[in-house]
Amino acid sequence: MEDDDEDTRVIPPWVELEYRQMRYLAGKGSMVYFTHLSSSSRTSMAAAFAGTSSSCEPLADAKAFTKGILDIMKDEGLSLEHVCLLDPKAEAPLSPEDGDGKFSWFLFGGILGDDPPRDRTSELRALGFPTRHLGPVQMTTDTALGVTKLVIHNKTPLHEIPYIDFPTITFNARESVEMPFRYIADEEGQPTLPPGMRELLHKDLNKSFEF
């Protein structure tokens with residue numbers, strides 16, 4: 001995950017929830033790199049990662065860096081053609097065949113929850129990475145990672161994944177919020193949200209009505 005907001009000083013609670021969900025979806029045995037962070041964000045994330053080091057959850061390992069993806073690739077000896085940039089403007093969709101040794105890393109660029117999308121991926125696109133898209137509807141980055149794993153690891157084509165677009169999260173008869181993204185639908189047809197996100201959304205909704 002390549003962040004491109006150098007002004008970020010702390011990691012908001014909702015972003016921390018989505019980052020943790022990315023680690024959960026990637027699964028144990030995987031590695032998730034969070035790159036191009038501000039120094040304070042890197043420190044905040046490293047502390048959050050340390051707090052989950054003894055967790056019983058099957059989380060992917062994670063590292064946080066202030067340096068960018070190209071520097072990390074150089075450190076790891078990884079060439080450009082082995083890194084797939086998930087890009088909404090790519091011509092080709094991600095397919096199960098892309099997991100057959102073609103790519104070693106999958107790169108997600110931008111800011112989590114960017115609505116409307118502001119093409120934050122453009123700077124990475126200009127570097128010449130091979131690209132694939134995940135469909136026409138904007139996803140949260142944790143959803144994009146989850147979809148990528150289903151396609152690459154589970155060999156599920158994009159069009160066979162159950163989605164729910166722009167779901168309304170209802171808290172009670174008078175309170176609800178519409179989410180402007182595509183999510184993976186669970187077995188009950190509900191959007192797959194990070195644990196704790198529903199409660200945080202309700203809390204933030206109540207804050208917006210405080211006078």
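**Ground rules.** I number residues from 1 along each chain as its sequence is written. Since I am reading a predicted model, local features need pLDDT of at least 70 and side-chain atom pairs count only at pLDDT 80 or more, while totals for chains, interfaces and linings use all residues; side-chain values use heavy atoms, with hydrogens and water left out.

**Entry: the count.** I looked for salt bridges (a side-chain nitrogen of Lys or Arg within 4 Å of a carboxyl oxygen of Asp or Glu). I got six.

**Entry: Asp75 and Lys67.** I found these two side chains joined in a salt bridge, at 2.5 Å from N to O. For accessibility I call a residue buried under 20% relative accessible area, exposed over 50% and partly exposed in between (1.4 Å probe, protein chains only). Asp75 is exposed at 51%, and Lys67 is partly exposed at 33%.

**Entry: Arg132 and Asp98.** Here I read 3.1 Å, N to O, for the salt bridge. Arg132 sits in strand E5 (residues 131-132) and Asp98 in the loop between strands E3 (83-86) and E4 (105-107), 34 residues apart. I take helices (H or I, at least four residues) and strands (E, at least two) as DSSP runs, numbered from the N terminus. Arg132 is buried at 14%, and Asp98 is buried at 3%.

**Entry: Asp100 and Lys155.** This salt bridge spans 2.7 Å, N to O. Asp100 is in the loop between E3 and E4, and Lys155 is in the loop between helix H5 (141-152) and strand E6 (163-165), so the pair ties together parts 55 residues apart in sequence. I also noted a network: salt bridges with shared partners join Asp98, Lys102 and Arg132.
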